[in-house]
Amino acid sequence: METPSATPASATVLREQNDLTKLQQHSHTDHSDDTVTQQDIDRFAASAASGAVAERERQLATVTVDKAHVQLIVSEFDLTAAEAERRLRENRGDCVATMHALIH
């Protein structure tokens, strides 16, 4: 089982999130000549969130999943093979942890 490591993309996501926080703090001050609008902030937030989701998907894709574990999860729980594989990836390929998460 591999654990995802920090990548340049994750650094970019963190930088975007910090920039968003700065924009939000800036927007709460009363400056009549500011050109930053809520629409700009919302657009930037959507972009940062999209980057975070893409980074999470890249990290999950690096996790090795045993096909026998996928079949076990499918047979024991009401999940498709794709759903079982996703759950296993979210639990770093650990079959026991995945079953525990599905039960609780």
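**View 1. The pair R43 and D40 in helix α2.** R43 and D40 lie three residues apart in helix α2 and are therefore separated by about one helical turn. Helices here are DSSP runs of H or I with at least four residues, numbered from the N terminus. R43 forms a salt bridge with D40, and their closest N and O atoms are 3.3 Å apart. A salt bridge is a side-chain nitrogen of Lys or Arg within 4 Å of a carboxyl oxygen of Asp or Glu. Side chains of opposite charge can pair when their charged atoms come close. The structure holds six salt bridges. The model is predicted: local features need pLDDT of at least 70, side-chain atom pairs count only at pLDDT 80 or more, and totals for chains, interfaces and linings use all residues. Residues are numbered from 1 along each chain as its sequence is written, and side-chain values use heavy atoms, leaving out hydrogens and water.

**View 2. Helix α2 against helix α4.** The axes of α2 (residues 38-61) and α4 come within 9 Å and cross at roughly 95°. Axes are lines fitted to C-alpha atoms, for helices over the stretch in contact, and angles run from 0 to 180 degrees between N-to-C directions. R56, E57, L60 and A61 of α2 meet R86, R89 and E90 of α4, where contact means heavy atoms within 4.5 Å. These residues divide into two nonpolar, no polar and five charged. Ala, Val, Leu, Ile, Met, Phe, Trp, Tyr, Cys and Pro count as nonpolar, Asp, Glu, Lys and Arg as charged, and the others, Gly among them, as polar.

**View 3. E85 and R89 in helix α4.** E85 lies in α4 (residues 81-90), and R89 is found in α4. The side chain of E85 is joined to that of K67 by a polar contact of 3.3 Å, and to that of R89 by one of 2.7 Å. A polar contact is a pair of N or O atoms within 3.5 Å; within protein, one must be able to donate a hydrogen and the other to accept it, and residues adjacent in sequence count only if both atoms are side-chain atoms. Not counting residues up to four places away in sequence, E85 touches V65, K67 and V70.

**View 4. Helix α3 beside helix α5.** Helices α3 (residues 67-76) and α5 (residues 95-103) pack at about 20°, with axes 10 Å apart. The two are therefore roughly parallel to each other.

Definitions and conventions:
Angles under 35 degrees count as roughly parallel, over 145 as roughly antiparallel, 65 to 115 as roughly perpendicular and the rest as oblique.
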